[in-house]
Amino acid sequence: MKTAIITGVNGQDGSYLSELLLKKGYRVVGLKRRTSTISTGRIDHLMGNENFVLKYHDLHDASCTQRIMDEFLPDEVYNLAAQSHVAVSFELPDYTSDGICRGTLNLLNAVRSIHGRKDCRFYQASSSEMFGDSVPKSQAGFNEDSPLQPVSPYAVAKVYAHHMTQCYRKAYGIHASCGILFNHESPRRGETFVTRKITMAAARIKHGLQKNLFLGNLDAKRDWGHAADYVEAMWRMLQRDTPDDYVVATGRTHSIREFLTEVFDYAGLGGWEKYVGIDSRLFRANEVPYLLGDSTKAREVLGWEPKHDMRSLAQSMFRSDEAMIRSAQVAY
Ligand code: NDP
Ligand code: GDR
């Protein structure tokens, strides 16, 4: 039985990846940080599985990282933990950078320390935010060779972790791969990211629980896929004989405005303009205006294909939020 360690296991991607690996027969050691309120909603359904082990860990705690690595001698490590909100990273630049940079380095050092004893493979959650405000040279979008031009503390930190992962791969022969994932969402997406904020608001407006929705920049464009599809690509990267970096994206881009239209029309609410206001406080100090990913390499080398597009994603997120409201109404 293979053992995989997943940092940030209770996040959106951690929960889908855990399900995938458990289905494949892995023992999953999920790492979560201590929080003052319970934060295991996305993984509660896995707690009864005897192959699922939950441990406390924090990106900022190197000794804990090393201890867990020595205790479990994993076959695979997926580094998904991060303060992952771009706008928040402008408010918490030190905290965001420390976690992503130092946390990734701690993990790489721990993997290196068991290198002779174990063929341990490492996945780094790199991000399309690293392309920042640059413009793709090809109409197909950004690929693995596109220049990185990060414009937020979050993205700058992700570039550091990306390069450090490549550095450890070259210097020490560690099987370390970076997935440059474009935005991926799901019904489990955090409630402050724009897609989920929109689907929750539409469901609440439809059921009379909310009147308005305030947003920032509606013109930014994102290449949105489904998280369940994207964790499959992470796993495939670590099954290759050779470590490498891969862009994972749908190859389609849409504005926030288009996402809004899709959700509000699907909800039967008609034009979103009746409900949505613009709040200048929700604009960012620097914006990433346009993201489109060219995942040709992942498709050709990993045999990976996304199953969802923006439309099916938006609709499934809305249906899930509406179902949650309906079940709450029945309960009360
Ligand atoms: P989430 O924000 O849903 O999950 C992040 C996880 O990291 C949570 O479990 C969170 O714990 C944990 N975490 C945060 N800070 C610390 C810390 N100091 N120590 C330990 N754990 C911590 O993100 P996603 O699941 O969406 O993303 C997974 C990874 O992929 C992240 O690194 C993200 O930056 C990256 N990424 C995401 C993309 C996306 O579109 N979703 C695209 C590209 C990259 P808690 O619940 O307690 O906050
Ligand atoms: P992003 O996702 O910054 O791309 O990072 P987010 O959903 O936060 O923003 C997408 C775009 O929507 C605009 N926007 C708003 N965003 C939020 N959160 N709230 C609003 O009210 C709002 N109004 C407009 C933003 O300005 C932006 O242009 C996500 C995260 O998952 C990162 O961790 C990951 O690395 C990248 O995707 C790829």
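In this predicted model, Tyr123 is in contact, once its neighbours within four places in sequence are left aside, with Val77, Tyr78, Asn79, Leu80, Ser177, Gly179, Leu181, Met234, Met237 and Leu238. Tyr123 also belongs to the largest nonpolar core, which holds 31 residues, and it is listed with Leu17, Leu21, Tyr78 and Met237 as the members that touch the most other members. Two or more residues of this core come from each of strand 1, helix 1 (12-23), strand 5, helix 7 (227-239), strand 11 and helix 9 (296-302), and helix 7 gives the most, with 8 residues. Apart from this core lies another, of 26 residues, including Leu215, Ile256, Val276 and Met310.

The strands named above take part in an open sheet, in which 7 strands follow the order 3-2-1-4-5-6-11 with parallel pairing. Strand 3 (52-56) and strand 11 (245-248) are its edge strands, each pairing on one side only, and neighbouring strands of the sheet are turned against each other by 20 degrees on average, direction ignored. Within this sheet, strand 1 (residues 3-7) and strand 4 (residues 76-79) pair in the parallel sense over 4 bridges, and Tyr78 in strand 4 is the bridge partner of Ile6. Helix 4 (residues 93-113) lies across strand 1, strand 4 and strand 5 (121-127), and runs at about 165 degrees to strand 5.

| Helix | Residues in the contact |
|---|---|
| Helix 1 | Gln12, Asp13, Tyr16, Leu17, Leu20 and Leu21 |
| Helix 7 | Ala227, Ala228, Val231, Glu232, Met234 and Trp235 |

By class, the contact of helix 1 with helix 7 has 9 nonpolar, 1 polar and 2 charged residues.

A last detail concerns the backbone. Most residues other than glycine have a negative phi. Leu73, in the loop between helix 2 (62-72) and strand 4, has a phi near 35 degrees, a positive value in a residue other than glycine. Leu73 counts as partly exposed because its relative accessibility is 29%.

Notes: Residues numbered from 1 in each chain as written. Chains lettered and ligands numbered in written order. Predicted model: local features only at pLDDT ≥ 70, side-chain atom pairs only at ≥ 80, totals over all residues. Heavy atoms only, no water. Pairing = 2+ DSSP bridges. Axes fitted to C-alpha atoms, helices over the stretch in contact; angles between N-to-C directions. Contact = heavy atoms within 4.5 Å. Core = buried A, V, L, I, M, F, W, Y, C linked by side-chain atoms within 4.5 Å. Buried < 20%, exposed > 50% of the residue type's maximum accessible area, 1.4 Å probe, protein only. Nonpolar A, V, L, I, M, F, W, Y, C, P; charged D, E, K, R; others polar.
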